[in-house]
Amino acid sequence: MTAREYHDRTTHSPASVRTSGHTLEWDIKPFPFKVYTDLEAIPLPRELDPLAIDTLTALAAPAPAVTSLSLSQLTAALYYAAGVTKKKTYPGGGEVLFRAAASTGALYQTEVYVAVGDIAELEAGLYHFCPGDFALRRLRAGDVRAALATSAADGAFARRPATMVLTAIYWRNTWKYQARAYRHLFWDSGTMLANVLAVGDGLGLAPRVVTGFVDLEVNRLLGLDPSREVALELIALGPEAAAAPAGAPPASIDHATLPLSSSEVDYPLVREIHAASSLATATAVSAWREGAWREAAPPAGAKLVALPSPRERAGRGLGETIQRRGSTREFGRAPLTAEELATTLWAATRSVEVDAPGGLVDLYLIVNAVDGIPSGAYFYRPDAHALETLATGEFRNRSAHLCLEQPLGGDAAAVIYFLARLDAITQALGDRGYRLANLEAGLAGGRAYLAAYAQGFGASGLTFYDGHVVEFFSPHAAGKDAIFVTALGRSGVGGRVNIKSNLTASRRPSA
């Protein structure tokens, strides 16, 4: 199966949504935590760095590099990426534990593993992070960084003290979203990645993302069943030092885990597109990285609306921003300022240290209520930090319709629609380019979340009618595909989630 075929077979339209017949089977809803039942829990420190660095400062430039990676720093990276930050209790006793990074449907299918070498207070090995009890469990003893470096065709991974590996459990998301879930895996891991990169930069850990690796080797190293859970991205953390010694190929592992539910439904399309976009050898990884991709040149003579310079500071620390973050469920119709929108767009499009090309995703907007910017449809030009006017007028009802007829799409002050030239991307980067397009959109959406909550307003990721989005923004968007949507605005009157945590903020430890 090609990426093109998968994308076309999982598009939403009014007809497909109304005739799907899919219902949520609550008695088999997947358990939200992966629990290894035969491994001892290693509790993590519960005094956390508060990450008082201003959120926008963290997004703008990395802090000076540290000379070593401590357990407290690694703990902060894990918590602010995937930890439990809020608990909401419903009448009748039900509760939902919210995480540091947003996830479609609050299903949290993204799992976090970490391979560590020389870190004080933690033995070398491969670990799984469980947010439920805030603990690590060691899957493999000994240093596995050399094996990761070989699979990633990148020797630096053997020299960095830790590497986080983000994976996804299919069933956690397909339970609700069926075969379309493969897109969600990268939206959600991208949103988490936004947190990891901001925290890593704020702590001086020099995070670097790798998206190309030998899939089966990394999955085997983690002990995953690739028909159910797969590795998505690797993130190196900390300063380089002596390389980990090479060893024999790691033996297979198969640790027992708590079942997610009493039964599962298989969606072959998800497995097929993952297999089609996988890389089989380190040579193939290196060749894939050499794929040529060129961003489309911006059109000349376009009518541009200049945006204010992005704010340099938000006045809210990164740790507090992540703690407060939560997908907004109801927008009031109060306007944003042009500076707030400009800052969010700037943050969403910041470049990252990654092994793959950027600029795969374009940002289109419907502006409903932004002071100083006429309501209408726009294209964001990062090169000029300006909006290209596509049409002016009132599009609240149209935006709600495009967002799967959800009121959030119409009530928001502005809605970002991420589009990409998928055919050109996959021609240049193969089917794995499909992963990249969805990941880049999720990462940009995650950074928009951070910028929004840092400035005191809200954001929410939304799904959409694929073809209708492209049609609305055409002819400018002709030949592109809709990838993701993020709505921005001030929260409505709805109730707030109270933060209840048994973790405490401490002073940042010295590097």
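The second largest pocket of this predicted model holds about 850 Å³ of space. A pocket here is an open set of points on a 1 Å grid over the protein atoms alone, with protein on both sides within 12 Å along at least five of seven lines, and its lining residues have an atom within 4 Å of a point. Volumes are the space filled by probe spheres set on the points, which are joined across faces, edges and corners. Because the model is predicted, local features need pLDDT of at least 70 and side-chain atom pairs count only at pLDDT 80 or more, whereas totals for chains, interfaces and linings use all residues. Residues are numbered from 1 along each chain as its sequence is written, and side-chain values use heavy atoms, with hydrogens and water left out.

The lining of this second largest pocket comprises 39 residues, and Glu295, Gly359, Leu360, Val361 and Glu440 lie nearest its centre. Two or more lining residues come from each of β12, β13 and α16, with α16 giving the largest share, 7 residues. Helices (H or I, at least four residues) and strands (E, at least two) are DSSP runs numbered from the N terminus. The lining has 24 nonpolar, 6 polar and 9 charged residues; Ala, Val, Leu, Ile, Met, Phe, Trp, Tyr, Cys and Pro count as nonpolar, Asp, Glu, Lys and Arg as charged, and the others, Gly among them, as polar.

Strand β12 (residues 361-367) is largely enclosed by the rest of the structure, because 7 of its 7 residues are buried. Buried means under 20% relative accessible area, with over 50% being exposed and the range in between partly exposed (1.4 Å probe, protein chains only). In a regular strand, side chains alternate between the two faces of the sheet. In β12, Val361, Leu363, Leu365 and Val367 point one way, while Asp362, Tyr364 and Ile366 point the other. Strands pair if DSSP finds at least two bridges between them. β12 runs antiparallel to β15 (residues 414-420), joined by 7 bridges, and Val361 stands opposite Ala420 of that strand. It is also antiparallel to β13 (residues 376-381), through 4 bridges, with Tyr364 opposite Phe379.

The largest nonpolar core has 140 residues, of which Met164 and Tyr417 touch the most other members. Helix α16 gives the most to this core, with 14 residues. Such a core is a set of buried Ala, Val, Leu, Ile, Met, Phe, Trp, Tyr and Cys residues joined through side-chain atoms within 4.5 Å. Beyond its neighbours within four places in sequence, Met164 is in contact (heavy atoms within 4.5 Å) with residues including Ala77, Leu78, Ala81, Val196 and Ile235.

A cavity is a set of grid points where a 1.4 Å probe fits but cannot get out, and the whole structure has 2 of 30 Å³ or more. The largest, of about 80 Å³, is lined by residues that include Ala81, Arg99, Tyr108, Asp188 and Met192. Helices α4 (71-82) and α7 (181-202) are the elements that give two or more residues to this lining.

The second largest cavity has about 40 Å³ of space. Among its lining residues are Phe186, Glu233, Arg432 and Leu439. Here β10 (229-237) and α16 (432-455) each give two or more residues, and α16 provides the largest share, with 4. By class, this lining has 4 nonpolar, 1 polar and 3 charged residues.
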